[in-house]
Amino acid sequence: MPANLTPQYYAAEENYKSAGSSEEKVKALQEMLQVIPKHKGTEKLQGDIKKKIARLKEESKKKKQTKGFNPFGVEKQGAGQIALAGYPNSGKSSLVGALSRAKVKIAEYPFSTALPIAGMMPYKDTFIQLVDTPPLSVDNVPPGLIGTFKEADALLVVIDVSTADCLEQYEGLLQILHDREVIDISEEGEIIAPLPYMIVANKIDYADARDNLDVMKELVPGLEVFEVSANGPGLEELKERLFHILRIIRVYGKAAGRPADMDRPFILKKGGTVIDFAAQIHKDFPAKLKSALVWGSTRFDGQAVARDYVLEDGDIVELQL
Ligand SMILES: Nc1nc2c(ncn2[C@@H]2O[C@H](COP(=O)(O)OP(=O)(O)OP(=O)(O)O)[C@@H](O)[C@H]2O)c(=O)[nH]1
Ligand SMILES: [Mg+2]
């Protein structure tokens with residue numbers, strides 16, 4: 001029997017997909033349950049939603065019991081987690097607000113963000129979790145914040161280039177991150193980061209921004225920064241860059257004789273193989289896996305590949321168990 005889902009249901013489902021925390025996910029699922037048309041065709045779906053709510057509630061209860069509450073801990077959601085790091089007033093909250101639907105506090109005065117806040121940034125058919133953070137400065141490193149950075153999958157270092165002290169911000173931030181072992185700098189001064197990261201020059205729309213940036217580039221040869229304004233220019237390209245620094249790919253599953261399930265990609269690390277994909281679907285699959293058929297990166301659609309075939313972003317995979 002067809003489910004005949006309503007626009008209200010799809011809107012609630014969209015909220016579920018973009019929810020940044022377990023609490024938001026539960027709220028969206030409850031909303032889905034409330035608006036779902038109640039008839040035989042949706043009984044299974046209603047059951048699945050109820051199960052998801054129960055599981056999420058159970059998980060957060062366990063987490064609170066075992067770990068205690070850490071206000072600097074941000075539960076991971078989506079394809080990857082990127083934490084922002086920057087001096088006061090550099091535009092971290094504005095960037096997270098512009099890229100996601102997170103309810104961040106943006107203010108003209110510094111130190112407006114007190115604790116990390118997560119928001120989900122839609123990118124193609126997936127979501128990347130951005131974490132807005134309280135400001136850093138050489139004399140102010142909030143306790144707990146270094147933990148937030150170390151737990152993230154990547155860092156976005158935000159420099160405010162509307163002011164002439166942008167070089168100071170750059171050097172100060174790298175010093176803090178290096179001293180606290182979030183990133184590593186070689187003896188030659190080259191940055192070796194255990195965490196992938198990128199540097200953005202924010203507020204590029206300011207009149208003096210380009211001059212400030214040019215001076216900085218002259219003083220730091222080889223400096224790579226991405227220019228952006230939280231007010232618009234560069235935001236779309238920034239999304240793409242953020243996806244790339246996570247070094248992940250999206251892979252889609254397909255059952256034999258059925259169309260591929262393009263609704264939800266599986267997320268693999270770059271360099272991931274068919275075996276890694278099989279492990280995500282079921283823990284017993286890698287042992288059983290013989291080969292796979294792949295659409296996308298292969299020369300032919302539906303080409304048979306070995307278990308250790310390295311997948312690429314957008315591939316569709318049919319496992320042969
Ligand atoms: N013109 C312009 N203004 C910006 C841009 N980004 C942020 N702002 C403004 O700069 C001020 C500070 O922005 P926030 O996003 O609150 O900065 P923050 O880094 O989160 O500040 P803290 O939480 O205090 O560390 C606000 O008045 C923003 O409107 C930008 O790209 N261009
Ligand atoms: Mg802020």
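This is a predicted model: local features need pLDDT of at least 70, side-chain atom pairs count only at pLDDT 80 or more; totals for chains, interfaces and linings use all residues.
Two residues are taken here to be in contact if their C-beta atoms, placed from the backbone, lie within 7 Å. With that convention, among contacts in this chain between residues at least 6 apart in sequence, 61% join residues at least 24 apart. Residues are numbered from 1 along each chain as its sequence is written, and chains are lettered from A, with ligands numbered from 1, in the order in which they are written.

Let me begin with the overall layout. Along the principal axes, the C-alpha atoms of the chain fill a box of roughly 65 × 45 × 40 Å. The secondary structure comes to 10 helices and 13 strands, where helices (H or I, at least four residues) and strands (E, at least two) are DSSP runs numbered from the N terminus. Of the 321 residues in the chain, 34% are buried; a residue is called buried if 20 or more other C-beta atoms lie within 10 Å of its own, exposed if 12 or fewer, and partly exposed in between, with C-beta atoms placed from the backbone.

The domain assignment, which is of the automatic or database kind, gives domain 1 (7-67), domain 2 (81-245) and domain 3 (248-320). The C-alpha centres of domain 1 and domain 2 lie 33 Å apart, and five residues of domain 1 are in contact with eight residues of domain 2. By class, the side of domain 1 that touches domain 2 has one nonpolar, three polar and one charged residues, where Ala, Val, Leu, Ile, Met, Phe, Trp, Tyr, Cys and Pro count as nonpolar, Asp, Glu, Lys and Arg as charged, and the others, Gly among them, as polar.

Now to the sheets, where two strands are said to pair if DSSP finds at least two bridges between them. Six strands form an open sheet of mixed pairing, in the order E2-E3-E1-E4-E7-E8. Strand E2 (117-123) and strand E8 (226-227) stand at the edges with a single partner strand each, so one side of each is left without a neighbour in the sheet. Within this sheet, strand E1 (residues 81-86) runs parallel to strand E3 (residues 126-132), the two being joined by three bridges, and Ala83 stands opposite Val131 in E3.

A further open sheet, again mixed in its pairing, has five strands in the order E10-E9-E13-E11-E12. Its edge strands are E10 and strand E12 (303-305), each of which pairs on one side only. Which residues of E10 face strand E9 (248-253) across bridges? Val251 has Phe266 as its bridge partner in E10, and Ile249 stands opposite Leu268. E9 and strand E10 (residues 261-269) pair in the antiparallel sense over five bridges, whereas E9 and strand E13 (residues 316-320) run parallel and are joined by two bridges, with Gly253 opposite Val317 in E13. Five of the six residues of E9 are buried, so this strand is largely enclosed by the rest of the structure.

Turning to helix packing, the axes of helix H6 (residues 166-179) and helix H7 (residues 209-219) come within 9 Å and cross at roughly 50 degrees. These axes are lines fitted to C-alpha atoms, for helices over the stretch in contact, and angles run from 0 to 180 degrees between N-to-C directions. That makes H6 oblique to H7, given that angles under 35 degrees count as roughly parallel, over 145 as roughly antiparallel, 65 to 115 as roughly perpendicular and the rest as oblique. Cys166, Leu167 and Tyr170 of H6 meet Asn212, Met216 and Leu219 of H7, and the residues of this contact divide into five nonpolar, one polar and no charged.

Finally, some backbone details. Most residues other than glycine have a negative phi. Phe111, however, has a phi near 60 degrees; this residue lies in the loop between helix H4 (92-99) and E2 and is partly exposed, with 13 other C-beta atoms within 10 Å. Pro110 is placed in that loop between H4 and E2, and counts as exposed with 12 C-beta neighbours inside 10 Å. Leaving aside residues up to four places away in sequence, Pro110 touches Pro88, Asn89 and Pro135. Arg247 also has a positive phi, of about 55 degrees, and lies in the loop between helix H8 (235-245) and strand E9.
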